[in-house]
Amino acid sequence: MGNCLDSSAKVETSHSSQATSEISRSSSKKCHPLVPSNLLSSLEDRNQNISSLTTSTPEGEILSSSNLKPFSFSELKNATRNFRPDSLLGEGGFGCVFKGWIDENTWAATRPGSGIVVAVKKLKLEAPQGHKEWLTEVNYLGKFHHPNLVKLIGYCLEGKNRLLVYEFMPRGSLENHLFRTCSQPLSWAVRIKVAIAAARGLSFLHEAESPVIYRDFKASNILLDAEFNAKLSDFGLARAGPTGDRTHVTTQVMGTRGYAAPEYVATGRLTSKSDVYSFGVVLLELLSGRRAEDNLVNWASPYLGDKRRLFRIMDTKLEGRYPQKGAYMVTNLATQCLRSEPRARPRMVDILGALEELESLKTTTRISQPIQRATLTLTNPKSKTEAPLLISHQKSPRR
Ligand SMILES: Nc1ncnc2c1ncn2[C@@H]1O[C@H](COP(=O)(O)OP(=O)(O)OP(=O)(O)O)[C@@H](O)[C@H]1O
Ligand SMILES: [Mg+2]
(Lines give C-alpha, C1' and ligand atoms only; values in the text may rest on other atoms or scores of the structure.)
(Ligands and ions follow the chains in the order given, each with its own letter.)
Protein backbone atom coordinates (compact mmCIF):
# COMPACT_ATOMS: atom_id res chain seq x y z
CA MET A 1 0.00 0.00 0.00
CA GLY A 2 1.36 3.42 -0.86
CA ASN A 3 1.66 6.28 1.52
CA CYS A 4 -1.45 8.43 1.61
CA LEU A 5 0.54 11.34 2.93
CA ASP A 6 3.10 11.28 0.14
CA SER A 7 3.09 14.02 -2.41
CA SER A 8 0.95 13.32 -5.45
CA ALA A 9 2.22 10.72 -7.87
CA LYS A 10 0.56 12.31 -10.86
CA VAL A 11 2.44 13.00 -14.04
CA GLU A 12 2.31 16.30 -15.82
CA THR A 13 1.75 16.56 -19.52
CA SER A 14 -0.15 18.57 -22.10
CA HIS A 15 -1.50 17.87 -25.59
CA SER A 16 1.66 18.29 -27.57
CA SER A 17 4.08 15.97 -29.24
CA GLN A 18 6.09 16.26 -26.08
CA ALA A 19 3.14 14.93 -24.13
CA THR A 20 3.11 11.82 -26.29
CA SER A 21 6.77 11.15 -25.67
CA GLU A 22 6.30 11.87 -21.97
CA ILE A 23 3.70 9.13 -21.87
CA SER A 24 5.78 6.54 -23.64
CA ARG A 25 8.87 7.37 -21.55
CA SER A 26 7.20 6.98 -18.21
CA SER A 27 5.94 3.68 -17.08
CA SER A 28 4.68 2.78 -13.66
CA LYS A 29 2.94 -0.11 -12.02
CA LYS A 30 -0.07 2.01 -11.31
CA CYS A 31 -1.64 4.10 -14.05
CA HIS A 32 -1.76 7.82 -13.32
CA PRO A 33 -3.94 10.56 -14.64
CA LEU A 34 -2.13 12.61 -17.25
CA VAL A 35 -2.30 15.93 -15.50
CA PRO A 36 -1.91 19.06 -17.59
CA SER A 37 0.83 21.56 -16.93
CA ASN A 38 -0.83 24.56 -18.54
CA LEU A 39 -2.62 26.30 -15.73
CA LEU A 40 -4.28 28.94 -17.88
CA SER A 41 -6.08 26.57 -20.15
CA SER A 42 -6.84 24.45 -17.14
CA LEU A 43 -8.89 27.28 -15.73
CA GLU A 44 -10.58 27.75 -19.09
CA ASP A 45 -11.36 24.06 -19.16
CA ARG A 46 -12.82 24.20 -15.69
CA ASN A 47 -15.06 27.14 -16.50
CA GLN A 48 -16.46 25.47 -19.60
CA ASN A 49 -17.00 22.33 -17.65
CA ILE A 50 -18.70 23.65 -14.60
CA SER A 51 -20.39 26.92 -15.42
CA SER A 52 -23.47 25.44 -17.04
CA LEU A 53 -24.05 23.17 -14.06
CA THR A 54 -23.54 25.39 -11.11
CA THR A 55 -24.85 28.33 -9.22
CA SER A 56 -22.96 30.41 -6.71
CA THR A 57 -23.40 29.19 -3.18
CA PRO A 58 -21.52 30.04 -0.02
CA GLU A 59 -19.57 26.83 -0.66
CA GLY A 60 -18.38 27.93 -4.06
CA GLU A 61 -19.74 26.38 -7.17
CA ILE A 62 -21.69 23.39 -5.92
CA LEU A 63 -24.79 22.53 -7.84
CA SER A 64 -27.67 23.97 -5.88
CA SER A 65 -30.20 21.37 -6.99
CA SER A 66 -28.18 18.36 -5.83
CA ASN A 67 -29.39 16.31 -2.89
CA LEU A 68 -25.95 15.82 -1.50
CA LYS A 69 -25.33 16.03 2.21
CA PRO A 70 -22.66 18.48 3.32
CA PHE A 71 -20.55 16.80 6.04
CA SER A 72 -18.23 18.54 8.45
CA PHE A 73 -14.63 17.35 8.60
CA SER A 74 -15.01 16.24 12.23
CA GLU A 75 -18.09 14.17 11.34
CA LEU A 76 -16.11 12.26 8.72
CA LYS A 77 -13.21 11.92 11.10
CA ASN A 78 -15.58 10.22 13.55
CA ALA A 79 -17.20 8.10 10.85
CA THR A 80 -13.82 6.69 9.77
CA ARG A 81 -12.23 6.37 13.22
CA ASN A 82 -9.92 9.28 12.49
CA PHE A 83 -9.01 7.88 9.05
CA ARG A 84 -7.33 4.95 10.72
CA PRO A 85 -5.12 2.79 8.50
CA ASP A 86 -7.27 -0.26 9.20
CA SER A 87 -10.25 1.62 7.68
CA LEU A 88 -8.33 2.13 4.43
CA LEU A 89 -10.07 0.67 1.37
CA GLY A 90 -7.61 1.81 -1.27
CA GLU A 91 -5.50 4.61 -2.60
CA GLY A 92 -5.50 6.45 -5.93
CA GLY A 93 -3.70 9.40 -7.44
CA PHE A 94 -5.94 11.88 -5.63
CA GLY A 95 -5.93 10.42 -2.17
CA CYS A 96 -7.08 7.59 0.04
CA VAL A 97 -10.46 5.94 0.40
CA PHE A 98 -11.61 4.90 3.88
CA LYS A 99 -14.49 2.83 5.18
CA GLY A 100 -16.89 4.82 7.36
CA TRP A 101 -20.30 4.52 9.04
CA ILE A 102 -23.27 6.88 8.93
CA ASP A 103 -26.80 6.71 10.32
CA GLU A 104 -29.14 5.32 7.67
CA ASN A 105 -31.88 7.88 8.38
CA THR A 106 -30.13 11.08 9.33
CA TRP A 107 -26.84 10.39 7.47
CA ALA A 108 -25.03 11.70 10.53
CA ALA A 109 -21.72 10.00 11.32
CA THR A 110 -22.20 7.07 13.70
CA ARG A 111 -20.09 4.72 15.75
CA PRO A 112 -18.12 2.32 13.55
CA GLY A 113 -20.07 -0.88 13.18
CA SER A 114 -23.52 0.76 13.40
CA GLY A 115 -25.64 2.35 10.64
CA ILE A 116 -24.65 1.97 7.00
CA VAL A 117 -21.19 1.62 5.53
CA VAL A 118 -19.88 4.34 3.23
CA ALA A 119 -16.64 4.98 1.38
CA VAL A 120 -14.96 8.29 2.22
CA LYS A 121 -12.43 9.64 -0.27
CA LYS A 122 -10.02 12.14 1.25
CA LEU A 123 -8.13 14.18 -1.28
CA LYS A 124 -4.45 14.75 -0.71
CA LEU A 125 -4.18 18.41 0.12
CA GLU A 126 -1.27 18.90 -2.24
CA ALA A 127 -2.85 17.09 -5.20
CA PRO A 128 -2.62 19.32 -8.29
CA GLN A 129 -6.03 19.87 -9.89
CA GLY A 130 -7.51 18.42 -6.71
CA HIS A 131 -10.18 21.05 -6.14
CA LYS A 132 -11.16 21.16 -9.78
CA GLU A 133 -11.67 17.43 -10.01
CA TRP A 134 -13.38 17.28 -6.63
CA LEU A 135 -15.84 19.89 -7.85
CA THR A 136 -16.44 18.16 -11.18
CA GLU A 137 -17.16 14.94 -9.31
CA VAL A 138 -19.58 16.63 -6.92
CA ASN A 139 -21.43 18.33 -9.73
CA TYR A 140 -21.69 15.42 -12.13
CA LEU A 141 -22.44 12.70 -9.60
CA GLY A 142 -24.74 15.06 -7.71
CA LYS A 143 -26.72 15.53 -10.92
CA PHE A 144 -26.79 12.01 -12.38
CA HIS A 145 -28.55 9.03 -10.90
CA HIS A 146 -28.24 5.69 -12.62
CA PRO A 147 -27.91 2.10 -11.37
CA ASN A 148 -24.51 1.83 -13.07
CA LEU A 149 -23.02 5.02 -11.62
CA VAL A 150 -21.78 4.91 -8.06
CA LYS A 151 -23.97 6.95 -5.74
CA LEU A 152 -22.43 10.05 -4.20
CA ILE A 153 -24.00 10.65 -0.80
CA GLY A 154 -22.28 13.83 0.28
CA TYR A 155 -19.16 15.90 0.48
CA CYS A 156 -17.03 17.91 2.86
CA LEU A 157 -15.53 21.26 1.95
CA GLU A 158 -13.88 22.79 4.95
CA GLY A 159 -10.79 24.96 4.73
CA LYS A 160 -8.36 23.03 2.57
CA ASN A 161 -10.11 19.72 3.18
CA ARG A 162 -11.98 18.12 0.29
CA LEU A 163 -13.76 14.82 0.87
CA LEU A 164 -16.41 12.78 -0.92
CA VAL A 165 -18.79 10.26 0.63
CA TYR A 166 -19.98 7.41 -1.63
CA GLU A 167 -22.09 4.33 -1.29
CA PHE A 168 -19.84 1.47 -0.24
CA MET A 169 -19.08 -1.09 -2.94
CA PRO A 170 -18.24 -4.24 -0.99
CA ARG A 171 -16.30 -6.03 -3.71
CA GLY A 172 -14.04 -3.07 -4.50
CA SER A 173 -12.71 -2.45 -7.98
CA LEU A 174 -12.62 -4.66 -11.06
CA GLU A 175 -8.87 -4.01 -11.10
CA ASN A 176 -8.46 -5.82 -7.78
CA HIS A 177 -10.41 -8.84 -9.02
CA LEU A 178 -8.71 -9.14 -12.38
CA PHE A 179 -5.11 -8.58 -11.39
CA ARG A 180 -4.62 -9.41 -7.73
CA THR A 181 -3.29 -12.92 -7.41
CA CYS A 182 -4.99 -13.36 -4.03
CA SER A 183 -8.50 -12.82 -5.38
CA GLN A 184 -10.75 -15.58 -6.70
CA PRO A 185 -10.69 -15.50 -10.53
CA LEU A 186 -13.77 -13.95 -12.10
CA SER A 187 -15.84 -16.39 -14.15
CA TRP A 188 -16.65 -15.71 -17.79
CA ALA A 189 -20.30 -14.97 -16.92
CA VAL A 190 -19.26 -12.37 -14.32
CA ARG A 191 -16.85 -10.74 -16.79
CA ILE A 192 -19.68 -10.33 -19.31
CA LYS A 193 -22.02 -9.06 -16.60
CA VAL A 194 -19.45 -6.42 -15.63
CA ALA A 195 -18.86 -5.40 -19.26
CA ILE A 196 -22.62 -4.96 -19.79
CA ALA A 197 -23.10 -2.89 -16.64
CA ALA A 198 -20.15 -0.66 -17.49
CA ALA A 199 -21.43 -0.26 -21.05
CA ARG A 200 -24.81 0.78 -19.60
CA GLY A 201 -23.16 3.43 -17.45
CA LEU A 202 -21.18 4.84 -20.38
CA SER A 203 -24.17 4.71 -22.76
CA PHE A 204 -26.22 6.62 -20.24
CA LEU A 205 -23.61 9.38 -20.15
CA HIS A 206 -23.12 9.51 -23.92
CA GLU A 207 -26.83 9.52 -24.72
CA ALA A 208 -27.83 12.07 -22.07
CA GLU A 209 -29.59 15.21 -23.27
CA SER A 210 -26.33 17.03 -22.61
CA PRO A 211 -23.83 14.28 -23.38
CA VAL A 212 -20.92 13.69 -21.08
CA ILE A 213 -17.53 12.20 -21.92
CA TYR A 214 -16.25 10.22 -18.96
CA ARG A 215 -12.54 10.37 -19.87
CA ASP A 216 -11.18 7.97 -17.24
CA PHE A 217 -12.71 4.61 -18.06
CA LYS A 218 -10.48 1.91 -16.56
CA ALA A 219 -10.65 -1.20 -14.39
CA SER A 220 -9.93 0.66 -11.14
CA ASN A 221 -12.89 2.98 -11.74
CA ILE A 222 -15.37 0.11 -12.16
CA LEU A 223 -16.62 -0.79 -8.70
CA LEU A 224 -18.53 -3.95 -7.78
CA ASP A 225 -21.33 -4.54 -5.30
CA ALA A 226 -21.94 -7.80 -3.46
CA GLU A 227 -23.62 -9.37 -6.53
CA PHE A 228 -20.92 -8.13 -8.92
CA ASN A 229 -23.14 -5.37 -10.28
CA ALA A 230 -20.73 -2.84 -11.70
CA LYS A 231 -20.87 0.94 -11.28
CA LEU A 232 -18.63 3.66 -12.64
CA SER A 233 -16.89 5.88 -10.13
CA ASP A 234 -14.57 8.90 -10.37
CA PHE A 235 -16.09 11.68 -12.41
CA GLY A 236 -13.28 14.12 -11.72
CA LEU A 237 -12.20 14.12 -15.36
CA ALA A 238 -15.69 14.06 -16.94
CA ARG A 239 -16.32 16.67 -19.62
CA ALA A 240 -19.42 18.00 -21.30
CA GLY A 241 -19.49 16.60 -24.84
CA PRO A 242 -19.49 18.77 -27.99
CA THR A 243 -22.65 20.74 -28.73
CA GLY A 244 -24.23 21.96 -31.97
CA ASP A 245 -22.16 21.22 -35.07
CA ARG A 246 -18.97 20.64 -33.16
CA THR A 247 -17.54 17.17 -33.50
CA HIS A 248 -15.19 17.29 -30.54
CA VAL A 249 -14.07 19.34 -27.59
CA THR A 250 -10.46 20.40 -27.33
CA THR A 251 -9.01 19.88 -23.93
CA GLN A 252 -5.85 19.00 -22.15
CA VAL A 253 -4.86 15.40 -22.17
CA MET A 254 -5.97 13.76 -18.98
CA GLY A 255 -6.61 10.14 -18.40
CA THR A 256 -4.60 7.04 -17.73
CA ARG A 257 -1.78 5.45 -19.68
CA GLY A 258 -2.78 2.39 -21.61
CA TYR A 259 -6.47 3.41 -21.67
CA ALA A 260 -6.45 6.84 -23.35
CA ALA A 261 -7.27 6.90 -27.08
CA PRO A 262 -4.19 7.61 -29.23
CA GLU A 263 -5.74 10.50 -31.18
CA TYR A 264 -6.77 12.17 -27.93
CA VAL A 265 -3.28 11.81 -26.46
CA ALA A 266 -1.77 13.22 -29.67
CA THR A 267 -4.14 16.16 -30.26
CA GLY A 268 -6.23 16.78 -27.16
CA ARG A 269 -9.37 16.36 -29.31
CA LEU A 270 -11.89 14.60 -27.16
CA THR A 271 -15.03 12.80 -28.36
CA SER A 272 -17.23 10.10 -26.89
CA LYS A 273 -15.23 7.72 -29.10
CA SER A 274 -12.28 8.29 -26.75
CA ASP A 275 -14.35 6.51 -24.08
CA VAL A 276 -15.17 3.78 -26.62
CA TYR A 277 -11.44 3.17 -27.14
CA SER A 278 -10.93 2.88 -23.36
CA PHE A 279 -13.88 0.47 -23.24
CA GLY A 280 -12.09 -1.68 -25.85
CA VAL A 281 -9.00 -1.74 -23.65
CA VAL A 282 -11.05 -2.89 -20.65
CA LEU A 283 -12.63 -5.62 -22.82
CA LEU A 284 -9.09 -6.81 -23.58
CA GLU A 285 -8.31 -6.80 -19.86
CA LEU A 286 -11.43 -8.88 -19.18
CA LEU A 287 -10.47 -11.35 -21.90
CA SER A 288 -6.79 -11.62 -21.06
CA GLY A 289 -6.46 -10.84 -17.35
CA ARG A 290 -3.53 -8.59 -18.32
CA ARG A 291 -3.11 -4.95 -17.39
CA ALA A 292 -3.64 -2.19 -19.92
CA GLU A 293 -0.42 -0.45 -19.09
CA ASP A 294 1.62 -3.54 -20.02
CA ASN A 295 1.29 -2.49 -23.67
CA LEU A 296 -1.81 -4.66 -23.86
CA VAL A 297 -3.23 -3.35 -27.15
CA ASN A 298 0.03 -3.94 -29.05
CA TRP A 299 0.52 -7.31 -27.42
CA ALA A 300 -3.00 -8.53 -28.29
CA SER A 301 -3.22 -7.08 -31.82
CA PRO A 302 -1.68 -10.01 -33.71
CA TYR A 303 -4.20 -12.44 -32.20
CA LEU A 304 -7.38 -10.40 -32.33
CA GLY A 305 -8.52 -11.25 -35.85
CA ASP A 306 -7.42 -14.87 -35.77
CA LYS A 307 -9.95 -17.33 -34.36
CA ARG A 308 -7.44 -20.15 -34.19
CA ARG A 309 -5.00 -18.14 -32.11
CA LEU A 310 -7.64 -16.53 -29.91
CA PHE A 311 -6.81 -18.85 -27.01
CA ARG A 312 -3.42 -17.15 -26.78
CA ILE A 313 -4.90 -13.96 -25.40
CA MET A 314 -7.41 -15.61 -23.08
CA ASP A 315 -6.85 -15.38 -19.32
CA THR A 316 -5.30 -18.64 -18.17
CA LYS A 317 -7.15 -18.13 -14.86
CA LEU A 318 -10.35 -19.00 -16.75
CA GLU A 319 -8.85 -22.48 -17.28
CA GLY A 320 -10.62 -22.73 -20.61
CA ARG A 321 -14.06 -22.24 -19.04
CA TYR A 322 -15.49 -19.79 -21.56
CA PRO A 323 -17.59 -20.17 -24.71
CA GLN A 324 -15.47 -19.98 -27.81
CA LYS A 325 -18.25 -18.22 -29.67
CA GLY A 326 -18.74 -15.60 -26.97
CA ALA A 327 -15.02 -15.01 -26.58
CA TYR A 328 -14.61 -14.46 -30.29
CA MET A 329 -17.54 -12.03 -30.33
CA VAL A 330 -16.04 -10.02 -27.49
CA THR A 331 -12.65 -9.98 -29.23
CA ASN A 332 -14.38 -8.72 -32.33
CA LEU A 333 -16.09 -5.96 -30.35
CA ALA A 334 -12.79 -4.95 -28.73
CA THR A 335 -11.16 -4.74 -32.18
CA GLN A 336 -13.86 -2.35 -33.34
CA CYS A 337 -13.57 -0.20 -30.22
CA LEU A 338 -9.79 0.04 -30.73
CA ARG A 339 -9.91 1.19 -34.35
CA SER A 340 -7.50 4.04 -34.92
CA GLU A 341 -10.12 6.15 -36.72
CA PRO A 342 -12.51 7.36 -33.98
CA ARG A 343 -15.51 7.59 -36.32
CA ALA A 344 -15.06 3.97 -37.27
CA ARG A 345 -15.53 2.89 -33.65
CA PRO A 346 -19.08 1.87 -32.70
CA ARG A 347 -21.20 3.87 -30.29
CA MET A 348 -21.61 2.69 -26.73
CA VAL A 349 -25.33 1.98 -27.22
CA ASP A 350 -24.49 -0.41 -30.06
CA ILE A 351 -21.77 -2.09 -28.03
CA LEU A 352 -24.23 -2.50 -25.16
CA GLY A 353 -26.79 -4.08 -27.52
CA ALA A 354 -24.18 -6.52 -28.84
CA LEU A 355 -23.07 -7.54 -25.35
CA GLU A 356 -26.66 -8.03 -24.19
CA GLU A 357 -27.31 -10.20 -27.20
CA LEU A 358 -24.21 -12.21 -26.45
CA GLU A 359 -25.32 -12.75 -22.85
CA SER A 360 -28.75 -13.87 -23.99
CA LEU A 361 -27.16 -16.58 -26.17
CA LYS A 362 -25.94 -18.25 -22.97
CA THR A 363 -23.76 -20.57 -24.98
CA THR A 364 -21.47 -23.10 -23.40
CA THR A 365 -19.41 -23.82 -26.52
CA ARG A 366 -15.79 -24.56 -25.60
CA ILE A 367 -12.66 -23.31 -27.32
CA SER A 368 -11.90 -26.73 -28.75
CA GLN A 369 -15.13 -26.92 -30.77
CA PRO A 370 -15.33 -26.10 -34.48
CA ILE A 371 -16.39 -22.67 -35.69
CA GLN A 372 -18.71 -21.46 -38.38
CA ARG A 373 -18.93 -17.76 -38.97
CA ALA A 374 -21.89 -15.54 -39.69
CA THR A 375 -22.01 -11.76 -39.54
CA LEU A 376 -24.68 -9.68 -37.87
CA THR A 377 -24.95 -5.96 -38.41
CA LEU A 378 -26.49 -4.00 -35.58
CA THR A 379 -27.66 -0.52 -36.40
CA ASN A 380 -28.86 2.04 -33.97
CA PRO A 381 -31.27 4.72 -35.15
CA LYS A 382 -29.06 7.34 -33.51
CA SER A 383 -25.95 6.18 -35.28
CA LYS A 384 -26.91 6.26 -38.95
CA THR A 385 -23.75 8.08 -39.90
CA GLU A 386 -21.51 5.84 -37.87
CA ALA A 387 -19.80 2.67 -38.91
CA PRO A 388 -22.12 -0.31 -38.45
CA LEU A 389 -21.26 -2.65 -35.66
CA LEU A 390 -20.15 -5.96 -37.07
CA ILE A 391 -20.47 -8.92 -34.80
CA SER A 392 -19.08 -12.23 -35.88
CA HIS A 393 -21.18 -15.14 -34.76
CA GLN A 394 -19.90 -18.64 -34.75
CA LYS A 395 -22.79 -21.06 -34.93
CA SER A 396 -22.86 -23.64 -32.20
CA PRO A 397 -22.33 -27.11 -33.63
CA ARG A 398 -25.39 -29.34 -33.59
CA ARG A 399 -25.47 -31.82 -30.80
N1 LIG B 1 -17.24 3.47 -3.17
C2 LIG B 1 -16.25 2.61 -2.89
N3 LIG B 1 -16.50 1.47 -2.21
C4 LIG B 1 -15.52 0.59 -1.95
N5 LIG B 1 -14.22 0.76 -2.32
C6 LIG B 1 -13.90 1.87 -2.98
C7 LIG B 1 -14.89 2.87 -3.30
N8 LIG B 1 -14.27 3.86 -3.99
C9 LIG B 1 -12.99 3.50 -4.10
N10 LIG B 1 -12.74 2.32 -3.49
C11 LIG B 1 -11.45 1.61 -3.38
O12 LIG B 1 -10.40 2.55 -3.31
C13 LIG B 1 -9.48 2.36 -4.38
C14 LIG B 1 -8.91 3.71 -4.78
O15 LIG B 1 -9.89 4.44 -5.50
P16 LIG B 1 -9.53 5.78 -6.24
O17 LIG B 1 -10.70 6.08 -7.10
O18 LIG B 1 -9.13 6.80 -5.26
O19 LIG B 1 -8.24 5.47 -7.10
P20 LIG B 1 -7.99 4.61 -8.41
O21 LIG B 1 -9.22 4.61 -9.25
O22 LIG B 1 -7.47 3.26 -7.98
O23 LIG B 1 -6.81 5.36 -9.12
P24 LIG B 1 -6.78 6.78 -9.86
O25 LIG B 1 -6.57 7.80 -8.83
O26 LIG B 1 -5.63 6.65 -10.77
O27 LIG B 1 -8.10 6.96 -10.53
C28 LIG B 1 -10.28 1.65 -5.48
O29 LIG B 1 -9.48 0.92 -6.35
C30 LIG B 1 -11.20 0.76 -4.63
O31 LIG B 1 -10.51 -0.42 -4.30
MG1 LIG C 1 -10.85 5.62 -9.16
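I'll cover two things today: the surroundings of ligand 1, then the packing of helix 8 against helix 10. Keep in mind that this is a predicted model.

Ligand first. Ligand 1 is surrounded by 25 residues. The closest are Gly 90, Gly 92, Gly 93, Ala 119 and Ser 220. Which elements give two or more residues to this shell? They are strand 4, residues 88-92, strand 6, residues 116-123, and helix 5, residues 174-179. Strand 4 has the largest share, with 4 residues.

Now the domains. Domain 1 spans 27-167 and domain 2 spans 174-393. Each of them gives at least three residues to the shell around ligand 1.

On to the helix pair. Helix 8 covers residues 272-288, and helix 10 covers residues 324-337. Their axes come within 8 Å and cross at roughly 150°. Angles over 145 degrees count as roughly antiparallel, so helix 8 is roughly antiparallel to helix 10. The crossing is left-handed.

Which residues meet there? From helix 8, we have Val 276, Tyr 277, Phe 279, Gly 280, Leu 283, Leu 284 and Leu 287. From helix 10, the partners are Ala 327, Val 330, Thr 331, Leu 333, Ala 334 and Cys 337. Sorted by type, the residues of this contact are 11 nonpolar and 2 polar, with no charged ones.

To recap: the shell around ligand 1 draws on both domain 1 and domain 2, and the contact of helix 8 with helix 10 has no charged residues.

How values were computed. Residues are numbered from 1 along each chain as its sequence is written. Chains are lettered from A and ligands numbered from 1 in the order in which they are written. This is a predicted model: local features need pLDDT of at least 70, side-chain atom pairs count only at pLDDT 80 or more; totals for chains, interfaces and linings use all residues. A residue is near a molecule or strand if its C-beta atom, placed from the backbone, lies within 6 Å of it. Domain bounds come from an automatic or database domain assignment. Axes are lines fitted to C-alpha atoms, for helices over the stretch in contact, and angles run from 0 to 180 degrees between N-to-C directions. Angles under 35 degrees count as roughly parallel, over 145 as roughly antiparallel, 65 to 115 as roughly perpendicular and the rest as oblique. A crossing is left-handed if the near helix is turned anticlockwise from the far one by less than a right angle, and right-handed if clockwise. Two residues are in contact if their C-beta atoms, placed from the backbone, lie within 7 Å. Ala, Val, Leu, Ile, Met, Phe, Trp, Tyr, Cys and Pro count as nonpolar, Asp, Glu, Lys and Arg as charged, and the others, Gly among them, as polar.
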